[in-house]
Amino acid sequence: MKEVGTYPMTKGDAMYTSGRAALIGMLLALAATAAHAQTETEVQRLERAIGEARQELDALKTVQREGQGQDSPLNTRLKNNVFSWQTEDGRFAFIMGSWVQFRLTYNDERAQDSEGAGDPNRATASNGRDFANFSITRFKTFFRGNIFEKEFKYFALIHWTVPAGEIAEEAYFTWAKYKFFNVSAGQTKIPFSYDFLCGYNKQQLTEGSVANETYHQGWGKGLWVSGVIGDDRPWLKYTVGIFNGVLKANNDFRNMDRAAISQSFSQSVDADLMPALRLETHPLGEVADDLIDLRGADTYDKLLFSVGFAMNWLISRFDNNAIRPRPVASTGGSGRFNSGQDTIALTLDGHLRWHGLSVNIAWYHRHTEFHNFGLLAGNGVARNRNAPGDLTDNAITFEAGYFILPKQFDVAVRIGMIDSDEFWLAGASTRQFALRPDSKEIGIGAGYYFAGHNLKVQFDFDYVAYQLARTAGAAPSNAPANQPMPNRSASSLANDVSDYWNVWQLRLQLQWMF
C-alpha cells in the first residue's frame, strides 16, 4: 500500500504544533534553571514543573490524534490501483473506483437470402444488416468499505450507460464478523453463472459467451448468507439466498430483478419468492474470481482448480398466447395471469489455473413446466399436441487461454453450444416450434495487459451460427449486439430443411479502471 496524500492541517494540528514549540522552549529554560539550582527544594520544584509540562504535551498529542476528541484523521491511499480513505482505527473505510470499456465493433450477418419480391424468404431475410461503430460499452462506478466497525461492510455499483431505472446495478450491506458466516441484504447478482459473477471486466474475450448470456439469472433483491470454510484451501464457499424472483420476459423464463419496482401488487411483485444456492470447492488453494491466470512468474507454477454448482428455482405467472392459448378473460379478480411456470436452473462449472494457463468449462440446464390456474384450470390445453407441457434446454461452454508473456500478453479460444427444446403447437405432427434457436459459438482472441484488468487492450473474433426455429411469438434477444432474431424461412419449413443465421463479429476494446 502506497501513501499518496493526507488532509490539510486542521485547527487541532495548528494547536499541537504551536503548543509543542512553546513547551520545548519552556523545557529548555527549566533545564537551564535546574543546572543552577543550589538547594534540594528548588530541584524538586523544577522536576515537578517538568512533569506537569510533559502531561500537557501528552494531552495536546491526544487532541491532535483524536481530531479534538471527535474524529480520527483520514489517510488517502492507493490500494489495488484505486483510491481509498480510512480512519486510523479502521472503523470507517471508503473505496471508490470506476471502469470503462470503449469498443470498436464490426458486425456481419449471413442469413436467409432473398431473390426478389416473390421469394418466400424475403420477409425474414437479414443479409445486409452489417455495421461498424464505436461505443462506450460499459461505464461503472463502485463504492465499498465499512462503517462504525470493520464487520459492517457495504457495496454499491452504479452503471451509467443503462436506462435510468436500472442505474443502480448493485447495492447491499453485509455483516461479516466471521469468515464462515456472513449475512447480506440488498440487490446483487444472483449466485448462479460463474462467468456472470466474475464480471464483464474480467472476461477472457471482450464479451461473455452466448450461453452465459442465455442462462445467467441477472440481478435480484433479497437476503442471503455466505461464507468460506478453510483458510489457504477453501474447501467450501457457499451462498444461499431468497430473492424476489421477477420473470425476465413472457418468452424468457429466468430472473431479472434489476429495475426499480413499486411497493404494490403487480405481475412482478407477488408472493412467489426465488431460492438460490451456489457451492464451490478449491481443494488446492483459492482460484481468484477471474477467467484468466494473472499470477506472476513467482507463483503461477502452483496448480489450482475449483468446481462449482448452482441452482435456483423461479416461479411466476406469465402471459404468452403463443404457447398457452387463453380465453378473453384470462385473469382473476387479482389481475394475476392464469398461466404459470416454474423453472429450475442448474449449472456445473470447473476452473483450472497453472503456469499462465486458464481453463473454464460450464454446463447449463434449465427445465420449465407450465401450469393453468383459475379459468384455465383443467381446460386440457396441452392435449393432442396443442401446446407444450414443459421445456428442457441445455448448454455447454469451454474456454482456454494462455499467457505467452506472464501477466502481459495472452491468447484465448472459446467453444460453446446451446440445445433448445422444440415443441409442437396446434396439433402439429412435428416439433418445429421453439422459444429460441439452437446455436454454436466459436471465438478466438488476444489481450495485452498494461496493468492487469486496470488497463488492457483486447481483440477478438466471434462467430455464432443459429439453427433457426419457428418461433412461438418473438424470440428473446440474446444474440450478439442484441440483434433481432429472424424466424425460420417458409421454404425451409416447406422442404423440411435446416435454416441458419450466422453472425460474425470483430471487436477491439480498451478497458481502464481508476
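Modeller: Start with a definition: a residue is buried when its relative accessible area is under 20%. The model here is predicted. By that cut-off, both Arg103 and Glu207 are buried. These two side chains form a salt bridge, and their closest N and O atoms are 2.8 Å apart. Side chains of opposite charge can pair when their charged atoms come close.

Where do Arg103 and Glu207 lie? Arg103 lies in strand 4, residues 93-110. Glu207 lies in the loop between helix 4 (194-198) and helix 5 (210-215). In total, the structure holds 19 salt bridges.

Now take another one. Lys179 and Asp231 meet in a salt bridge, at 3.6 Å from N to O. Lys179 is in the loop between strand 7 (168-178) and strand 8 (181-189). Asp231 is in the loop between strand 9 (219-229) and strand 10 (236-243). They are 52 residues apart. Are these residues buried or exposed? Lys179 is partly exposed, with a relative accessible area of 45%. Asp231 counts as exposed, at 63%.

Arg507 and Asp462 form a salt bridge too, with the closest N and O atoms 4.0 Å apart. Arg507 belongs to strand 24 (residues 500-513) and Asp462 to strand 22 (residues 455-467), so this pair ties together parts that are 45 residues apart in sequence. Both Arg507 and Asp462 are buried.

Charges also meet rings here. Lys189 lies over the face of Phe196, at 5.1 Å from the ring centre. Arg317 lies over the face of Phe373, at 4.0 Å from the ring centre.

Next, rings with rings. A pair of aromatic rings is described by the distance of the centres and the angle of the planes. The count comes to 23 aromatic pairs. One of them is Phe253 with Phe318. Their centres are 5.3 Å apart and their planes stand at 75°, an edge-to-face pair. Phe253 sits in strand 12 (residues 252-255) and Phe318 in strand 14 (residues 304-318), so the pair ties together parts that are 65 residues apart in sequence. Phe253 is buried, at 5% relative accessible area. Phe318 is buried as well, at 1%. Elsewhere, Phe155, Tyr172, Trp224 and Phe243 form one aromatic cluster.

Phe253 leads on to the core. The largest nonpolar core has 34 residues. Phe253, Ile323, Tyr364, Phe423 and Tyr466 have the most contacts inside this core. Which elements supply at least two residues each? They are helix 5, strand 13 (274-281), strand 14, strand 16 (357-372), strand 17 (390-405), strand 22 and strand 24.

Phe423 takes us to a sheet. Phe423 stands opposite Phe433 in strand 20. Strand 19 and strand 20 (residues 433-434) run antiparallel and are joined by two bridges. They belong to an open sheet of three strands, in the order 19-20-23, with mixed pairing. Strand 19 (422-423) and strand 23 (470-471) stand at the edges, each with a single partner strand, so one side of each is left without a neighbour in the sheet.

Other strands pair through more of the chain. Strands of a sheet pair through backbone hydrogen bonds, either parallel or antiparallel. Strand 5 (residues 131-146) and strand 6 (residues 152-159) run antiparallel, joined by seven bridges. Lys140 stands opposite His159 in strand 6. The hairpin of strand 5 and strand 6 has five residues between the strands, and Phe148 there takes a positive phi near 70°. Strand 6 also pairs with strand 7, in the antiparallel sense, over seven bridges. Phe152 stands opposite Trp175 in strand 7.

Finally, step back to the whole chain. There are six helices and 24 strands. Of its 514 residues, 43% count as buried. Among contacts between residues at least 6 apart in sequence, 67% join residues at least 24 apart.

Methods:
Residues numbered from 1 in each chain as written. Predicted model: local features only at pLDDT ≥ 70, side-chain atom pairs only at ≥ 80, totals over all residues. Heavy atoms only, no water. Phe/Tyr/Trp six-rings, centres within 6.5 Å; stacked < 30°, edge-to-face > 60°. Helix = DSSP H or I, 4+ residues; strand = E, 2+ residues; numbered from the N terminus. Buried < 20%, exposed > 50% of the residue type's maximum accessible area, 1.4 Å probe, protein only. Lys NZ or Arg CZ within 6 Å of the ring centre and 35° of its normal. Pairing = 2+ DSSP bridges. Core = buried A, V, L, I, M, F, W, Y, C linked by side-chain atoms within 4.5 Å. Contact = heavy atoms within 4.5 Å.
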